[in-house]
Structures are given as structure tokens and as C-alpha cells.
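My entries follow in the order in which I made them.

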Amino acid sequence: MPGIDESREFIPVRIAVLTVSDTRGLDEDKSGDTLVSRLTEAGHILADRAIVKDDMAAITSQLQKWIADKDVDVVISTGGTGLTGRDVTPEAFHSVYEKEIEGFAALFHQISYEKIGTSTIQSRATAGVSHGTYLFALPGSTGACKDGWDGILKYQLDYRYRPCNFVEIMPRLEEHRRK
């Protein structure tokens with residue numbers, strides 16, 4: 001049965017939070033605040049936080065900065081995953097992925113469907129890995145951030161979660177680069 005194995009020690013990971021928005025600053029960033037609150041309450045470390053415009057180059061640049069930073073294990077973004085002309089977060093994430101984690105979007109939509117019904121179809125949540133860094137893009141609503149964290153990331157970023165989790169395979173994400 002899946003769940004937390006209390007015999008294993010919790011391992012905090014270093015998480016950067018990215019908000020993609022043309023209109024929000026830190027004072028209005030409720031979704032970013034939600035993610036920061038949840039990850040720190042879980043025992044993880046906030047490695048960095050940034051807000052960038054809905055702009056492919058700006059998003060990609062920030063992702064590349066954090067991917068290159070060995071003090072960042074995970075990036076979670078909020079915003080820019082919709083269908084409007086300015087929503088380019090998924091395209092930016094896909095441009096840096098080495099591997100996509102397709103199951104993340106599938107599971108996110110399943111969880112979201114239980115809360116908002118068919119409106120979940122308007123989200124393009126996505127996840128992947130690049131140079132040993134996990135990348136997760138969530139919609140910009142606080143509800144979506146709660147769903148993504150509470151339903152998926154809280155467990156997959158906890159080393160104690162069984163039968164498997166993202167943390168336990170982190171040391172092997174770049175094994176193809178070692179010879």
C-alpha cells in the first residue's frame with residue numbers, strides 16, 4: 001500500500017519557486033506564497049524565488065539559471081500554462097527538458113477534474129527533468145497549486161514515500177553523463 005514509511009529519514013530538497021505573470025509582484029503573488037508555505041511546512045528548503053513576465057526568453061533564462069545552480073534540486077512554477085496568446089510556460093519548459101514526466105500532467109488533470117470538472121482541460125501543466133533538476137509547471141491559481149502540491153509533489157518529493165519517489169532517484173538522474 002502506498003504511503004509514508006516512517007522508518008526512513010526525511011530528506012529536504014532545495015526548491016525554487018517561479019511565478020510567471022505580467023501583472024503580479026511579490027505582494028500579490030498568492031499562488032507563489034501557497035507553494036512557499038507548503039514546501040517549507042513540509043520541511044523542504046526554499047532555494048530561491050522569482051517572478052518573470054509571460055515571455056518565453058525570460059522564463060527559459062530563469063529556468064536555465066536554476067538548472068545550472070547545484071543549490072537547486074527542484075523548480076516549481078505557477079502561471080502561464082493556459083491557452084491565451086501570452087501563456088508560454090509549457091513551451092519554455094519543453095525547450096529545456098531532457099526528459100518529460102508525462103504522468104505528472106495526467107495525474108494533475110485527474111486530481112483537478114475532481115475539483116473543477118472539465119475546466120481542467122484548459123491547463124497545460126507539465127513536468128520534466130533537465131541536468132538533474134526536476135521542473136514542474138502548475139497553473140496560476142492557488143487552487144491548482146494546492147492540488148499539484150497536496151496531490152502529487154508532497155509525496156513524490158518525500159524520500160519516505162513508498163513504493164517510490166523522485167528523491168530516491170535524484171542521485172541517478174545524471175548517471176548518463178558519468179563514464
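I began with Glu91, which at 35% relative accessibility counts as partly exposed, a class that lies between buried (under 20% relative accessible area) and exposed (over 50%), taken with a 1.4 Å probe and protein chains only. I was working from a predicted model, in which local features need pLDDT of at least 70 and side-chain atom pairs count only at pLDDT 80 or more, while totals for chains, interfaces and linings use all residues. Residues are numbered from 1 along each chain as its sequence is written, and side-chain values use heavy atoms, with hydrogens and water left out.

Which side chain does Glu91 meet in a salt bridge? I found Arg124, at 2.6 Å from N to O, where a salt bridge is a side-chain nitrogen of Lys or Arg within 4 Å of a carboxyl oxygen of Asp or Glu. Arg124 lies in the loop between helix H4 (102-116) and strand E6 (126-130) and Glu91 in helix H3 (residues 89-96), so the pair ties together parts that are 33 residues apart in sequence; helices (H or I, at least four residues) and strands (E, at least two) are DSSP runs, numbered from the N terminus. Arg124 is also partly exposed, at 24% relative accessibility.

I then turned to Asp33 and Arg49, whose side chains form a salt bridge of 2.8 Å, N to O. This pair links distant parts of the chain, with Asp33 in helix H1 (residues 30-41) and Arg49 in strand E3 (residues 45-52), 16 residues apart. I noted both as partly exposed, Asp33 with a relative accessible area of 30% and Arg49 with 23%. The two also belong to a network of salt bridges that links Arg24, Asp29, Asp33 and Arg49.

Further along, I recorded a salt bridge between Glu175 and Arg172, with the closest N and O atoms 3.2 Å apart, and Glu175 is partly exposed at 39% relative accessibility. How many salt bridges does the rule give? The count comes to 17.

Last, I checked the backbone, keeping in mind that most residues other than glycine have a negative phi, and most peptide bonds are trans. His131, in the loop between E6 and strand E7 (133-138), has a positive phi near 50 degrees, and its relative accessible area of 37% makes His131 partly exposed. The peptide bond from Arg162 to Pro163 is cis, with omega near 20 degrees, and I placed Pro163 in the loop between strand E8 (161-162) and helix H6 (166-169).
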